[in-house]
Structures are given as C-alpha cells and as structure tokens.
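Let us take a walk through this protein together, one part at a time. Keep the picture open beside you as you read.

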Amino acid sequence: MQPFVEITQVKKKIDNFHLGPIDLTIEPGTITSLVGNNGSGKSTLMKLMMNLANSDSGIIKLFNQNVSGDEEHWKSFVAYQSQKMIGWDAFTGEKLKDFIAPLYEQWDEQLFQRLVELFAIPLDQRFSKLSQGSQQKLTLALTIPRNTALLLLDEPTAYLDIPAKNHLMDILVEWMDQGERSIVIASHQIEDIKKLSDYLFVLRNGEMVGNFEKEALTERYKRYWLRNELTESSIPGEVFRDRVQVVSNHPEATEHYLRENGLQWANQSSLDLEEIITFLLSPTR
Ligand SMILES: Nc1ncnc2c1ncn2[C@@H]1O[C@H](COP(=O)(O)OP(=O)(O)OP(=O)(O)O)[C@@H](O)[C@H]1O
C-alpha cells in the first residue's frame, strides 16, 4: 500500500529558525509521535503537511498528491487538529458540529456523542467561553469522528485532565483498529508517547535527529555500572558517563570494547524512554 505521507528533503526558514532538511514517510497502520524541544518545529511541520505554510524546498506528498499542487483531493483523507482553532470562538459546540459533520462522508455521530459524554462537553456554550481543557476536548470531539485515513494531532492532551487523557488514549487505540489508518501526534506528554507510538520522529531545534521505531530505540540504549572508575577518554557507543557509570547507544560495541580491555561491569540496565528522549534532545550528547 502507498504511504499516506512522503516528505522528501523539506526545508523551511522562518526568521532565524531553520527547519530541515526533513525526510519522513508515514505508512498506513502506524502511529508516529513528533517529539522535540519547544520551538523545534513540530507545529511548523504539521502546517507544512496541511499546506498552511509553504516549504522553501523539497516535496510533501499526502496520499500520493503534492500538497502544494492544484489538486486538493488529499484533504478529504486528513483530519487536522491544530493548537489553536481559528474562527471557532463565536460558535457553540452544537453549531460547530452542524458545520463540520456534513463535510465528512465517514462522520461517526455515535463516536461524537460518546466523546461529548465522556468529556462532559457543554455543547450549548460558545467556544470562546470554554476553559482551555474543554476547548481541547471539543476540538478532539469534532476531529476524531471525521474518520479520515490520517489524523494529525498537534498537542492534543496538553490541557486535558487525567481521566480525559486516559479516555482519549483508549479511543485512539480503538480508532486505529477500525481500518487502514494512521496518526501523527505532536506531544510533550511522555505517557502519550509511550502508550501510543510505533515511531518517534525526533526534532532538535529544527534539525531532524531521526525517525525511530519505539521498541528498537528502547533496546538501543543501555547503562553499565562498572566495577572500577573509567580512565579511558572515550569508549565506543558512549553517550554519557559519570564515574563508574556509562550510557551507550551502541551496546554491542560498548560491551565488545569493555571485554577486550578487561573492564568488568557489575550491572547493566535499560533506560526509560523519557531518559532516552532527553539524551536525543540534548545538544552535547
Ligand atoms: N508565524 C510565525 N511567525 C514567526 N515565527 C514563527 C511562526 N511560526 C513558527 N515560528 C517559529 O518557528 C519555530 C518553530 O516553532 P513551532 O511552533 O513549529 O515549534 P514546536 O516544536 O511546535 O514548539 P512547541 O513545542 O513549543 O509547541 C519557533 O522558533 C517559532 O518561533
């Protein structure tokens, strides 16, 4: 099956900020988290994917169509939740639903009603009158039931309360099971990233660090506790050290070196995904 998204060598400059070059492919049936420090370009990348901003170079294809071309058929396969919904303030949830639902052939009214109930969304209030969390809940309730093949969510859980976050994760997992679908989610919430992602696309200050398969990434990092303090200046795979502790992102090379040089380790452990992301986003490591 054709990838849902193909991004090739995309670059974008905004004032002093440089994004890219970005290469990213989103296959059907996958959830990809966009992970990066603040201002690293996650929202910009999503806007580029939606053709809400123009790239300076490179190609972005959604459903095999160039997003900046004349043909806009690709838009019917995508639902996008941005951080700020422009033009919604004056309308109630009920009215917004009346505008949006008829635009989507696959609109799932039952799922909409379920989300309204689960999240206790007051549909009779104007969007501008809702709390930030309730605005986010309503936005999700008006986005997920569109049932498009691709769902782009820009920080969907930043303001959600704990029960709503948990409900949302269950709903997204369920939603994925209903067909050839994919989700791209920009998030700083480690629980979302851990629970949902198949892939982590990591950006550091506009630069692409990589697109990592989550399980492979967690297996790649190991911490070794050595019996004696290290005197070597650097050992293969090392990304961090502290007296008798070494963290490696290339365990085979590290272990080979330690054995060859008679350096024994008393213990080893895996790293938590949060710690791995911290290493990936840290400029000195
Ligand atoms: N409309 C704009 N005008 C000026 N600068 C912008 C604009 N949009 C984005 N930028 C700049 O682009 C860079 C990337 O911003 P972006 O919002 O894409 O990052 P992000 O990774 O989504 O950040 P965060 O995690 O804080 O939401 C930032 O330096 C930001 O200041």
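In this predicted model, the ligand has a shell made up of I14, D15, F17, G36, N38, G39, S40, G41, K42, S43 and T44. Sorted by class, that shell holds seven polar residues, two nonpolar ones and two charged ones. If you want to know which element gives the most to the shell, look at helix α1, residues 42-49, which supplies three residues.

To find your place in the pair, look for S33, which stands opposite L200 in β9. As a general point, strands of a sheet pair through backbone hydrogen bonds, either parallel or antiparallel. The antiparallel kind will turn up further along the chain.

How is the chain divided into domains? The domain assignment gives domain 1 as residues 5-216 and domain 2 as residues 221-281. The centres of the two domains, taken over C-alpha atoms, are separated by 37 Å. Where they meet, nine residues of domain 1 are in contact with five residues of domain 2. On the domain 1 side, β3 (31-36), α6 (190-196) and β9 (199-204) each supply at least two of the touching residues. The largest share comes from α6, with three residues. By class, this side of domain 1 has five nonpolar, two polar and two charged residues.

In an unreviewed entry, UniProt lists residues 2-230 for "domain: ABC transporter". Over that stretch the chain is 28% helix and 29% strand, and its end C-alpha atoms lie 50 Å apart.

Strand β11, residues 222-226, has two partners to look at here. With β13 (residues 245-248) it runs antiparallel, joined by four bridges. Along this pairing, K222 has S248 as its bridge partner, and Y224 stands opposite V246. With β14 (residues 265-270), β11 also runs antiparallel, this time through five bridges, and R223 stands opposite S269. In general, the side chains of a regular strand alternate between the two faces of the sheet.

Strand β13 has a pairing with β12 as well. Strand β12, residues 238-242, pairs with β13 in the antiparallel sense over four bridges, and D242 has Q245 as its bridge partner in β13. What do β12 and β13 form? They make a hairpin, with two residues between the strands.

Definitions and conventions. Residues numbered from 1 in each chain as written. Predicted model: local features only at pLDDT ≥ 70, side-chain atom pairs only at ≥ 80, totals over all residues. Domains from an automatic or database assignment. Contact = placed C-beta atoms within 7 Å. Nonpolar A, V, L, I, M, F, W, Y, C, P; charged D, E, K, R; others polar. UniProt positions renumbered as here; feature names shortened; annotations may be inferred. Near = placed C-beta within 6 Å. Pairing = 2+ DSSP bridges.
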